[in-house]
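Visitor: I would like to learn how to read a model like this one. Please take me through it feature by feature.

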Amino acid sequence: MGLIRGTVTLADNGAVPYVGPIKVRFGNRRCFTGGMVLGNAVLLGAIPMQDMDLVVRHQLQSIEVNPESPNIPLSVAK
């Protein structure tokens, strides 16, 4: 896979660089996605989180592997 480069226009008409594919790992999960370069902050979007079957623990302000599927990520297609 080659690196894709481009530009993404934001809602305020600003533009930021786009790069990909990026391999993301969390615990025993991994996926490929693209990313917008917004300074030095990292923001993981909903699609990679769903792809890796991660859940948000609001009270602890953390993310974890779905305890209902600890070994293999599950997904639902409708």
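Guide: Start with the core. The largest nonpolar core has six residues: Val24, Cys31, Met49, Met52, Leu54 and Val65. A nonpolar core is a set of buried Ala, Val, Leu, Ile, Met, Phe, Trp, Tyr and Cys residues joined through side-chain atoms within 4.5 Å. Buried means under 20% relative accessible area, exposed over 50%, partly exposed in between (1.4 Å probe, protein chains only).

Visitor: What should I know about the model itself?

Guide: This is a predicted model: local features need pLDDT of at least 70, side-chain atom pairs count only at pLDDT 80 or more, and totals for chains, interfaces and linings use all residues. Residues are numbered from 1 along each chain as its sequence is written, and side-chain values use heavy atoms, with hydrogens and water left out.

Visitor: Which residues does Val24 touch, beyond those up to four places away in sequence?

Guide: In general, nonpolar side chains in soluble globular proteins tend to be buried together. Val24 has contacts (heavy atoms within 4.5 Å) with Arg29, Arg30, Cys31, Thr33, Leu44 and Met52.

Visitor: Where is Asp53, and is it buried or exposed?

Guide: Asp53 sits in the loop between helix H1 (46-51) and strand E4 (54-57). Its phi is positive, about 55 degrees. Asp53 is buried, with a relative accessible area of 10%.

Visitor: And Gln61, buried or exposed?

Guide: Gln61 is exposed, at 76% relative accessible area. Its phi is also positive, near 50 degrees. The loop between E4 and strand E5 (62-65) holds Gln61.

Visitor: How many bridges join E1 and E2?

Guide: Two strands pair if DSSP finds at least two bridges between them. E1 and E2 pair in the antiparallel sense over six bridges. Thr9 has Ala15 in E2 as its bridge partner. Five residues lie between the strands of this hairpin, where Asn13 takes a positive phi near 70 degrees.

Technical notes. Helix = DSSP H or I, 4+ residues; strand = E, 2+ residues; numbered from the N terminus.
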